[in-house]
Amino acid sequence: FKDGKGYGSGGIDVYDEAKVDILLCVFTGGSTHDNTGGGAIHLDSYFVVINVYATSFSENSGQADDIYNSDGTITIHDTCPAPYSANTPTKGSALGIEGIVGGSKFSFSPSSCLGAPCTSTSSSLDDGSDGNFYCINGGTVTGFTPTCSCSCAEEFGGPNCASCPTGYGGTPPDNCTPNHCQASPSTTADGSNGIFHCVNGNIGGHTGGCTCTCNTGFAGSNCDKTATSVYAFSDLFQEISNYEVCGSSSVCKTAFTHNLMTDGEVLQLEVGTYKCPGSYGCATFDDYAHDDKVMLAMENKYGGISCIQDSGGCALDGENKRGVLQIRGTSTGTLSIRSITFTKGKSSF
């Protein structure tokens with residue numbers, strides 16, 4: 001917090017029922033406009049609780065140069081925070097205080113908690129406790145004693161860059177092969193390390209190419225969405241076609257009494273070819289041309305339309321007479337269309 005200037009504090013002004021931990025911070029050059037409050041920290045409520053660890057204060061000015069406590073509770077700790085709890089911070093100058101401040105009323109150096117920068121070695125016995133850390137194969141050692149780590153080049157992995165990357169087995173760098181994928185309930189598991197979000201289904205594939213084959217009634221690339229089975233065009237029309245595609249010579253055909261898909265629902269089409277069932281069987285009928293213009297028209301719906309199998313086999317057929325699908329907005333979500341063949345569509349507009 002550098003060179004701040006405010007009416008209550010040049011650093012942090014804390015009100016209401018706030019609970020704040022301040023770790024390894026620096027307050028320097030803070031001041032107040034009217035020389036009231038604290039140059040660095042101001043507590044302005046009985047319910048405020050602040051704990052300060054390994055934080056330095058310098059060149060601040062105010063009614064209290066560093067900390068002004070009107071009503072709250074603030075404690076200055078003379079210990080280092082995790083993960084540096086084994087170290088002891090270096091004490092600095094006494095603080096400028098007004099009000100009650102618990103603990104040690106001194107500034108402490110944040111950098112003294114960090115310890116010396118870690119150094120890479122080629123000995124597998126070096127665990128970083130003394131700053132020396134086993135980090136090989138071009139890895140870059142980072143951190144401070146005793147919390148060292150090793151960042152690996154692309155073809156290596158493990159805590160010391162001595163093995164294949166996560167999700168691969170074998171001997172680096174030339175004999176690493178992708179592992180079989182493992183299922184995970186975590187929505188952030190993308191398969192790049194062999195762990196893939198797959199629920200309600202069977203995991204397949206290898207690291208970098210994971211798949212999830214859904215159980216009956218579920219859909220989506222992770223099988224995390226409830227699926228509604230669709231067997232015929234009439235079912236599909238009833239589920240998604242809620243928009244009237246009208247023109248001067250057109251008759252609007254929207255199934256107002258249908259069971260429209262709910263937001264987020266996934267429709268799972270059985271393998272087959274889906275066509276309009278004849279005149280007036282699609283979203284719009286053209287009186288002049290005596291045929292349908294658009295098979296399906298949907299507005300402000302999101303979720304999914306997918307084939308039951310990723311290898312395809314589900315076709316929406318415009319029969320060279322009509323457009324297949326119009327989408328007018330997806331409300332607050334995204335519409336996912338998966339493994340559907342759009343064939344013989346023809347625009348009439």
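Two strands pair if DSSP finds at least two bridges between them. I keep that in mind while reading this predicted model.

**Entry 1: strand 7**

I looked up strand 7, residues 49-53. Five bridges join strand 7 to strand 10, residues 73-77, and the two run parallel. In that pairing I find Asn 51 opposite Thr 75 of strand 10. Strand 3, residues 19-23, also runs parallel to strand 7, again with five bridges. Here Leu 23 stands opposite Tyr 53 of strand 7.

Next I checked the faces. In a regular strand, side chains alternate between the two faces of the sheet. On strand 7, Ile 50 and Val 52 make up the covered face. Val 49, Asn 51 and Tyr 53 make up the uncovered one.

**Entry 2**

I then traced an open sheet of five strands, ordered 25-26-28-32-35, with mixed pairing. Strand 35 pairs with strand 32 (residues 303-307) in the parallel sense, over four bridges. I note Ser 306 opposite Arg 338 in strand 35.

Helix 2, residues 233-240, lies across strands 26, 28 and 32. I read its angle to strand 28 as about 170 degrees.

**Entry 3: Gln 268**

Is Gln 268 buried or exposed? I find this residue in strand 28. Gln 268 counts as buried because its relative accessible area is 10%, and the cut-off for buried is under 20%. Its contacts include Phe 218, Ala 219, Thr 228 and Ser 306. A polar atom of the Gln 268 side chain lies 3.2 Å from the backbone oxygen of Phe 218.

Note on methods: Residues are numbered from 1 along each chain as its sequence is written. This is a predicted model: local features need pLDDT of at least 70, side-chain atom pairs count only at pLDDT 80 or more; totals for chains, interfaces and linings use all residues. Side-chain values use heavy atoms; hydrogens and water are left out. Contact means heavy atoms within 4.5 Å. Axes are lines fitted to C-alpha atoms, for helices over the stretch in contact, and angles run from 0 to 180 degrees between N-to-C directions. Buried means under 20% relative accessible area, exposed over 50%, partly exposed in between (1.4 Å probe, protein chains only). A polar contact is a pair of N or O atoms within 3.5 Å; within protein, one must be able to donate a hydrogen and the other to accept it, and residues adjacent in sequence count only if both atoms are side-chain atoms. Lists of a residue's contacts leave out its neighbours within four places in sequence.
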